[in-house]
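Hi,

Here is the two-chain model I promised to pass on.

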Amino acid sequence: MSDHRAEHADAWSERPTDAATGAAAAGGAAESGELPAPAPAAAAHGAVTPADAADAARLVSFGLQPKLLPARDVEYADLLRRYREEPAFARLADAVATGLGLVVLEVSTRAGMAVSAGEDSVFAVRMGDYARRASADSADRFLHGLAHLAVAALAFPRPEDLADDGYIGRITVNGVDAFVRQACRRLEERADEQGENTDPATEAPGLEAAWRIYARRSATGATKDARRLAGSTTGIVGKAVAFLTESGFLHRTGDDAGGAYRTTARYQLQVRDMAGSAAMAELLELGVVPVTDGTPTLVPPSDADDLELTAEAGLPFHA
Amino acid sequence: MTSPASTEFVPPQLSAGPRPAQGPAADEGLARRLRALACTAPLHDLDVRKANLAGEYSVYAMAEIALAAIDLVTLNMDFDTGADHEQIVARLLPRVAAQAPDRPLAEHERVARWVLENLINVGSVDRGFRAVYGTFGPDGAYVRRDYDFKLIEEVPGYGGSVYLRTTDEAVNVLVGALDTDVTSAQIAAEVKLEVLISRGRLADAQLAAEQARYRTVQYAETLRRTLEATRRNVRAVDWLNAVPDMIAEALDHVADRYRHENAILTNIRKARDEAVEPEHKRRAAELVDIVKDCIRRHTQLQSRLLDAGPLFRAEQDRQAFATPTARAGLDLYGQLVAPLLPLPVEQAIRVTDAFFAHGAGLRTPVSVRVGDLVDILLTPPLEREHLGAEMPEPDLIATPDDSRFSEEQLASAMELLDLPHDAPRRLSGLLADARRRDPELPYLVALLAVHAASPPVGTAYRQGEKQLLFAVDDGTELDDPEFGGADLIVGMALLDAAGMSADRTEAA
């Protein structure tokens, strides 16, 4: 257990440098950045009583229970109303959250008090605690991270979906796995076309292309007790969605295709304002600048092409 | 195992044979052959490692069992799922048993499972194999590379079950055509099949037909993966060129093969019916089954292809015709996942780590009180219920027998109605006979006779009955103290069950 902890502390040592860029890019950071100034202002007003502070802390504690819905709890709903109607109370609650190392993403009736853990907060989730193997094996660590990214990418397949507050994404575990596999397969085909030898050099496993790590891992496996094989890709994706469900980001809707889930408003906020931009900043730092002009990567075929396709599709079988 | 397709297979690397491999171009052929060679290694390895098993297992030919297992999985692979693990083990058993007939069944099963698990390579986390080979880089430097491959992989099936599929590598190793184009190889195999049939060489024809089926399975597998991607995300697939081309190609292929295989089917049926030697007849019958299976697979493929167009349009409606939002969002796939995957893993991991750290949400830390801890530690562990709740013993009540007629009466009536086929009788006579045996019997006889007025001929044929009771009304009035109506003529008709059943199989 102790060497395990040492591992992950080591693995995270490079974080503080990235934290600056990550937090600056995060949308929610703008709000929290103003906080130190308003807090004394509220005090100067003379209106803050210990009871107010208790209420503000209570609101934040509601926010720390991500599965709790404001619509189901009268006290939560009351405090939210108070947050919106009393600017002084709002600043107080924000200050409590910031003091606890939390970033306020949004406060609304649909998402509740949506807070997210700051970089060094006690509430932050560390990869080593999330998956035991991940701290020892960099391939596993990558796969767990990629699973989370892939779940978000499939839940919000288009930029419009991520931007639209009313959008609800639907995913299945097998769907996520198959989608990443397909992306890997296309890269493999492309490498084959270019006659590239993608087999990595034995001495430098770190130079192996990321897609190969995923493609190599088996999708599933039989286990003695009929549970999902933890090391398989569906096992890893299954773990990710189960964890996100615990975080109040996903709702389980059924058992088809390895488990079906829908997204919550909180997940959209988290991905849009925190995770997406943090990962993006990291990618830019690596010198990879994904160029898009805002249009989808695929141009839909014109109507004429579409009709032609249908006609062709039926042709041999009408004869 | 030799392949008919391999006769046309001229390895391009042979031309580079005498020269030492220097550049990457010359090396490529060598690398390809090394990889092909690596795929056979797990099979040889089985025979080497059987000595390490606890027990005396040298009598079993493990490589043979392994090849048979790959064969079975390939043939049982469906379009949607794969082959069932238990089924494969069960089908392997006869071969294993044949290798050591005097050993116990449990050992046979253990061997079959051992081979299958080793082909999946259950012990490793990737469930795959790795071979190391060396190539010369463009700068002349010698680089050792890892080649990762699988032979049998486990895929998720319906309802959380796990199925087996053979990988492309395994199919290639098995078929023996290591570097041939799928489509052209199939055409070659089928042309050969036709020739073989026309010359009456059925043993070779069967081999060729089986090869054709492997090709078909391989083709369907490629298509399945592409169609699946289309269902998931319209944007992930090139619907402008690649997919329509692929669909057109696949439909051409299906139409072509369908025509082709129907022609073959007609030919083999003729061969089967005309064959005098029982061995030939059996082989031809097997061949009919194989070709029918090919046709079934084609039909399945075709229905998937026809679904593709409507599916694409529905998805496009949903994605392209909604009101656009004012805010510009991040394109998670296009801007994060897609650029990330080609990166070396040591760089990609920084991006996924950042996403995980900011996207996994928060956890409230658990604080433990010593008092609780003592309680928790002292609580005895809960017995896990393996069998679920106990089933209550069902309380069975004997229902009173309220049938109007007894079994003996029915037997007696049937005996009475078991008429010779050339001597039908009047109902009045039958009723009089029945009345002499038992006063209740005429009712049963009358009932059976009325039923026979509209006999279930089709059902009788389908069940292969040899004869059938029938009744005809010729207008004569029934003169009986208890019954009224027509005095039916009751007789027994003979059915040509054998002929019908032969027709039926032919039609199927």
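**What I found**

Chain B has 508 residues, and 30% of them are buried (20 or more other C-beta atoms within 10 Å of a residue's own, C-beta atoms being placed from the backbone; exposed is 12 or fewer, partly exposed is in between). Bear in mind that this is a predicted model: local features need pLDDT of at least 70, side-chain atom pairs count only at pLDDT 80 or more, and totals for chains, interfaces and linings use all residues. Residues are numbered from 1 along each chain as its sequence is written, with chains lettered from A and ligands numbered from 1 in the order in which they are written.

Staying with chain B, its secondary structure comes to 17 helices and eight strands (DSSP runs numbered from the N terminus, H or I of at least four residues for helices and E of at least two for strands). Three of the strands make an open antiparallel sheet, ordered E1-E5-E4; strands pair if DSSP finds at least two bridges between them. E1 (83-84) and E4 (152-156) of chain B are the edges, each pairing on one side only. Two bridges tie E1(B) to E5(B), residues 162-166, and B:Asp84 sits opposite B:Tyr163 there. Helix H2(B), residues 62-76, lies across E1, E4 and E5 of chain B at about 110° to E5(B) (axes are lines fitted to C-alpha atoms, for helices over the stretch in contact, and angles run from 0 to 180 degrees between N-to-C directions; contact means C-beta atoms, placed from the backbone, within 7 Å).

On to chain A: 319 residues, 45% of them buried, in 16 helices and five strands. What stands opposite A:Tyr261? That is A:Ile171, and E3(A), residues 170-172, is joined to E5(A) by three antiparallel bridges. E4(A), residues 250-254, runs antiparallel to E5(A) too, with four bridges, and A:Leu250 stands opposite A:Thr263. E4(A) and E5(A) form a hairpin with five residues between them, and A:Ala257 in the turn has a positive phi of about 50°.

One helix pair to look at as well: H5(A) (50-63) and H6(A) (74-85) pack at about 115°, axes 10 Å apart. A:Asp55, A:Arg58, A:Leu59 and A:Phe62 in H5(A) meet A:Tyr76, A:Leu79 and A:Tyr83 in H6(A).

Cheers

Terms used:
Contact = placed C-beta atoms within 7 Å.
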